[in-house]
Amino acid sequence: MKTKKAKSRTIRGAAVLVWPVAVFLLLGAGWPTQAVKAADKNTTVVSPAAAPAQDADGDGLTDVEETNIYKTDPNKPDTDGDGFRDGDEIKNGFSPRHAGQVRLADVDSDKDYLNDAWEIAAGTDLLNPDTDGDKYLDGTEIAAGYDPRNPQPVKKQKRIEVSLAKQRLTYYFGDAVFGSFPISSGVRTMPTPKGDFSVLAKVPVKTYGGRGYNFYFPNTKWNLQFATAKQGRVYIHGAYWHNKFGQPMSHGCVNVAYANMEDLYWWAQVGTPVHVE
Ligand SMILES: [Ca+2]
Ligand SMILES: [Ca+2]
Ligand SMILES: [Ca+2]
Ligand SMILES: [Ca+2]
């Protein structure tokens, strides 16, 4: 009697053990199916292949772009409610997530030292300060020249290109354009040197001209020396004394509007290649 009771208890104990295992196995078998279903559902909603240009709210941005890139509401044409459609704000360089005329380049939504305009250009996550999860902030990685989308310490090339014919400067991080704007290079008698150079020095504030020159521009901000020519050191620098960007004006340097030069100055590193043609 005693033995039988003990035996039955053992069997019941086994059954108690077996049931959760069976349930676990049943559920376990169910999980992948559910996961696959969820993934399928997501794919249907966000895949560009499935819905190439679906723009539910008709604001000029596809649902995919709103969800994945701009972090705007795909069902609300004016996410920040400032009277301007999301698509128009993006087209004109304004943030669709901040009411008013707030430039993308002037906001850093996730506080990772990378502005929203550069996040979009670099393909990093606007709302995740560490896109690749390697413990380094997106902005810190780009400042040091590392790929913020690769957790391995892989560098991406920065480069500055100046077109004298177009009177334009464009700068890149890998293939991404981080800025492009009109400049003023040297006039015909004092041309900007052509060729392949690199940033030799970063000088925050500098005076141009003065004694012995017929011009004097003190306290000039944001100067990147990239060459040494007959007439002296040659810089890409801010210029506050004229607004004729797009035509040659300088004594050999590359003049840039203050509004454009500050970002370029802080982004550039000593050694960043400069190509002038
Ligand atoms: Ca839309
Ligand atoms: Ca808006
Ligand atoms: Ca940011
Ligand atoms: Ca990172």
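Biologist: Which residues does Leu 224 touch, not counting residues up to four places away in sequence?

Modeller: Leu 224 touches Val 199, Lys 202, Tyr 235, Ile 236, His 237, Tyr 265 and Ala 268. They are called contacts because two residues are in contact if their C-beta atoms, placed from the backbone, lie within 7 Å. This is a predicted model, where local features need pLDDT of at least 70, side-chain atom pairs count only at pLDDT 80 or more, and totals for chains, interfaces and linings use all residues. Residues are numbered from 1 along each chain as its sequence is written, while chains are lettered from A and ligands numbered from 1 in the order in which they are written.

Biologist: What makes the largest nonpolar core a core, and how many residues does it have?

Modeller: A nonpolar core is a set of buried Ala, Val, Leu, Ile, Met, Phe, Trp, Tyr and Cys residues joined through C-beta atoms within 7 Å. A residue is buried if 20 or more other C-beta atoms lie within 10 Å of its own, exposed if 12 or fewer, and partly exposed in between. The largest set of this kind has 34 residues, and the members with the most contacts inside it are Leu 169, Leu 224, Phe 226, Val 254 and Val 256. Helix H4 (116-122), E1, E2, E6, E7, E8, H6 and strand E9 (273-276) each supply at least two residues of this core. In soluble globular proteins, nonpolar side chains tend to be buried together.

Biologist: What share of the 277 residues of the protein chain counts as buried?

Modeller: The buried share is 28% of the 277 residues.

Biologist: What is the phi of Lys 71, and where does Lys 71 stand?

Modeller: Lys 71 has a positive phi of about 55° although it is not a glycine. Its place is the loop between helix H2 (63-70) and helix H3 (86-91). Gln 167, also not a glycine, has a positive phi of about 55° and is found in the loop between E1 and E2. Most residues other than glycine have a negative phi.

Biologist: How do you know how many helices and strands the protein chain has?

Modeller: Helices (H or I, at least four residues) and strands (E, at least two) are DSSP runs, numbered from the N terminus. In the protein chain they come to six helices and nine strands.

Biologist: What makes E1 and E2 a pair?

Modeller: Two strands pair if DSSP finds at least two bridges between them. Strand E1 (residues 158-163) is joined to E2 by six bridges, so the two count as paired; they run antiparallel. In the hairpin of E2 and E3, with two residues between the strands, Gly 174 takes a positive phi near 65°.

Biologist: Why do E3 and strand E4 (195-198) stand at the edges?

Modeller: The open sheet has five strands in the order E3-E2-E1-E9-E4, with mixed pairing. E3 and E4 each have a single partner strand, so one side of each is left without a neighbour in the sheet.

Biologist: Which face of strand E2 is covered?

Modeller: In strand E2 (residues 168-173), Leu 169, Tyr 171 and Phe 173 form the covered face, while Arg 168, Thr 170 and Tyr 172 form the uncovered one. Helix H6 (residues 258-267) lies across E2 and E3.

Biologist: How do you know that the buried residues of H6 are on the same side?

Modeller: Asn 260, Met 261, Leu 264 and Tyr 265 are buried in H6. They cover an arc of only 125° around the axis, which puts them on the same side of H6. The arc is that of the directions from the helix axis to the C-beta atoms. What covers these residues includes E2, E3, strand E5 (201-209), strand E6 (216-229), strand E7 (232-239) and strand E8 (254-257).

Definitions and conventions. Axes fitted to C-alpha atoms, helices over the stretch in contact; angles between N-to-C directions.
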